[in-house]
Amino acid sequence: MRRKITRRFEEWKASGDRKKCLVVRGARQIGKTYSIEEFAKENYGHYLRIDLHKDVGARTMFDGDLDAGTIMMAISARYPRFEFVPGNTLLFLDEIQDCPNARTALKFLSRNENFDIVASGSLMGLKTKGVASMPVGSEENVQMYPMDFEEFLWAMGISEGVVEHVRGCIRRMEPLEDSLLDSMYRYMRWFMMVGGMPEAVQEFSSTRLFNGVRRIQKDLMEGYGDDIGSYAEGRYKDRVRRCLDSISAQLTRDNKTFRYSDVEDNPDYAVGSKYFEYALNWLSGAELSLICDCVTQPRLPLEENAINPAFKLYLLDTGLLLSMYDDSILYDVLSGGVDVNKGALSENLVACMLHSQGRRLYYYQISEKGKERMELDFVTIIGGKATAIEVKSGKKRDTKSLNKAMEKFGIDGIMFETRNIFVDDKGVRHYPLFAASFMDCIDVKPELTVDLPDADSINERFGDRDSDRYRRPRRDILSTLPRTTLPQKARPMRITSPLIPR
């Protein structure tokens, strides 16, 4: 299946940065190994994959000296049939987080210019113990995500021309043709149900049935539970599981702010935040959850306004989120009901789409007693300005909070909903829900170019100016100043103190 990250791999290979090891990070089962192996087959005559998770014996190759020569000797002894051809070889260290010494060795392996090195890993934000020296400056990190909606369309056989037409309409704020809009919404509902985990997408593309997809999703969630049991610290394992299991219920409330009492009956907010701190950090570090921080006001810089302790928690994949609900919801979504569970799926879908494009997630909410209630699903930066985003998945399309925020804070407004593309009389830009996957068409960033004047013309115009006032030494400048401004000779000072005699 075609993945966008392949282009990033090709850019790394074509640039001089391949002297650095390419490190691909991301949650388990999102297609890291498959994508790297496909890239290796297409671009190298020889490549060797070493699975440091399954092949426990391979880890011993990194137990001794970590210089490149010693490691390559050990690799050649363990894989005697593999041939290293200078300039045409890729060494792939898979699941490198399970061998801390291999992570340290990247610093030395990167100095060997005869072959390229790619490493991949999950839980890399959590498993740093045992890494004697992080290979700072020797690795280039690339973040990978589950398949996005555009990649899902490719997997379903939608041509590049159709996708580009959709992109063009979003970019120009032109409505899509009704038949195309209906088709895109149908594919979006399928994407909600299947999600972006490659195994589930492959099953659906082959069968067009959801039974097998559902089984795969359940297995994946069980696998993530096993990871918690294997890698989380003993006394925190249960808390991590409960936080993960609570996400589906947290998102079905009108107020989707994460509530500790929904995880465990503990009404004390301060105690709850401390009690679940490790669990929430673990889920985020494992990239199973997406944290959306609440800003005190929807103004730039957003990261400095994200000091509110409140937050929302989303799941890394909407298909996996749907698998946590009752099976009856499947038919509702298939029939067009994307507003099920109070918009939980639609909001999670937009959160994943924003996150997969490298955007940090923020939202704004104020509902204090005596103050005007206002809630914005997301706040991001578009066109260099703070922009409020509302997600409407049902027939109710009230924009009261959005209009208030635009007027009060002077920000822009966007709504992702179930209608076509248009701009309303308040200046709110309306897009279909799936347009959130094409934010690069909404937030078009012009190329930054510098128009410097020609050096020859400057020299020709100003190069013959030899006037003394351009060459006057500093002492001449000082002599022209009023006498009172010249520095005076400092008088010696006597320091007196109870500890220093006169």
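Colleague: Let's take the open sheet of five strands: what order do its strands have, and with what pairing?

Modeller: Happy to! Please keep in mind that this is a predicted model, where local features need pLDDT of at least 70, side-chain atom pairs count only at pLDDT 80 or more, and totals for chains, interfaces and linings use all residues. Residues are numbered from 1 along each chain as its sequence is written, and side-chain values use heavy atoms, with hydrogens and water left out.

The strands of this open sheet follow the order 2-3-4-1-5, and their pairing is parallel. (Strands are DSSP runs of E with at least two residues, helices are runs of H or I with at least four, and both are numbered from the N terminus; two strands pair if DSSP finds at least two bridges between them.) At the edges sit strand 2 (46-51) and strand 5 (139-143), each pairing on one side only. On average, neighbouring strands of the sheet are turned by 20° against each other, direction ignored.

Now to one pair within the sheet. Strand 1 (residues 21-25) runs parallel to strand 4 (residues 116-121), and four bridges join them. To find a spot on your screen, go to Val24: its bridge partner in strand 4 is Ser120.

Helix 1 (residues 5-14) lies across strand 1, strand 3 (89-94), strand 4 and strand 5, where contact means heavy atoms within 4.5 Å. Helix 1 runs at about 165° to strand 5; axes are lines fitted to C-alpha atoms, for helices over the stretch in contact, and angles run from 0 to 180 degrees between N-to-C directions.
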